[in-house]
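The tour below goes from one selection to the next.

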Amino acid sequence: MKNIKLKICGMKYPENITEISALQPDYLGFIFWEKSKRNMTLDSIPELHETTKKVGVFVDASIQEIAAKINQYQLDIIQLHGNESFIICENVKKLGVEVIKVFSMDSTFNFSKLKEYVFAVDYFLFDTKGKLPGGNGITFDWTILENYHFNVPYFLSGGIGTTEIDGLKKLLKSPAANKCYGIDVNSRFEKKLGIKNKIKLQKFKKLLYEI
């Protein structure tokens, strides 16, 4: 099985950031959206493991705000979680970072809308359509990914926890996962908002890498 990356999102507190970074996840995500209960308010991010990349999550932010946060926090990747156009994505890429564009999934999702983003992003992220732009804690029907036929790699997100390992095994052996690059987790691994459970994540990472 191919090497699936692990992305842990919604980090907020210094000690927990350092603790979870020690697990050497491929990506740690920091939310820069004031309406989020996991909104990042630290002046800087504690030093991470050298192999872990910093992802800044934004919702319909201005290019100026994104650029300022890239400089302040030395972000490697920008995740756009709002209604950003492909032109916005292209402009963010010009800031010298990789771009993840998020799309909310339900049974009616039309994958053709991704076409104009193909050359504007590095990755897609498919999340569950819910009341919030993310962190809704529920999965979507992964079989709709059989309709994804573009070459852009994607992250799978939306309510993924240790109980989804068997489902992930099944998915990752199917054609629907040909372009699945990584798994994004958040709310299902929290002790409380913004604080991740290291033991649960350690177990999940081990199970994920055994797939």
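Does S36 count as buried or exposed? The model is predicted, and in it S36 has a relative accessibility of 13%. Buried means under 20%, so S36 counts as buried.

**Stop 1: S36**

Select S36 in the loop between β2 (27-31) and β3. Show the backbone of R38 as well: the side chain of S36 reaches the backbone nitrogen of R38 at 3.0 Å.

**Stop 2: N186**

N186 sits in the loop between β8 (180-185) and β9 (190-192). With a relative accessible area of 11%, N186 is buried. Now display what surrounds N186: apart from neighbours within four places in sequence, N186 is in contact with C9, G10, R38 and K196.

**Stop 3: K5**

Move to strand β1 (residues 5-8) and pick K5. Draw a distance from the C-alpha atom of K5 to that of D184; the separation is 8.5 Å, although the two are 179 residues apart along the chain. Leaving aside neighbours within four places in sequence, the contacts of K5 are D26, Y27, Y181, G182, I183 and L208.

**Stop 4: helix α2**

Select residues 63-73, which form helix α2, and colour I66, I70 and Y73, which are buried. Turn the view to look down the axis of α2: the buried residues fall within an arc of 95°, so they line one face of the helix. An α-helix has 3.6 residues a turn, so residues three or four places apart point the same way.

Which exposed residues does the face of α2 turned away from its buried side carry? Select Q64 and N71 to see them. Then return to the buried side and show β3 (53-58), β4 (77-80) and α3 (86-93), against which the buried residues of α2 pack.

**Stop 5**

Finish with a surface view. Rolling a probe the size of a water molecule over the atoms shows where empty space is left. The second largest pocket holds about 380 Å³ of space. It is lined by 17 residues, and those closest to its centre are G82, N83, V102, F103 and S104. Colour the lining by residue class: six are nonpolar, five polar and six charged.

Notes
Residues numbered from 1 in each chain as written. Predicted model: local features only at pLDDT ≥ 70, side-chain atom pairs only at ≥ 80, totals over all residues. Heavy atoms only, no water. Buried < 20%, exposed > 50% of the residue type's maximum accessible area, 1.4 Å probe, protein only. Helix = DSSP H or I, 4+ residues; strand = E, 2+ residues; numbered from the N terminus. Arc of directions from axis to C-beta. Contact = heavy atoms within 4.5 Å. 1 Å grid on protein atoms, 1.4 Å probe; cavity = no way out; pocket = protein on both sides within 12 Å on 5 of 7 lines; lining within 4 Å. Points joined across faces, edges and corners; volume = space filled by probe spheres on them. Nonpolar A, V, L, I, M, F, W, Y, C, P; charged D, E, K, R; others polar. Polar contact = N/O pair within 3.5 Å; in protein donor to acceptor, adjacent residues only side chain to side chain.
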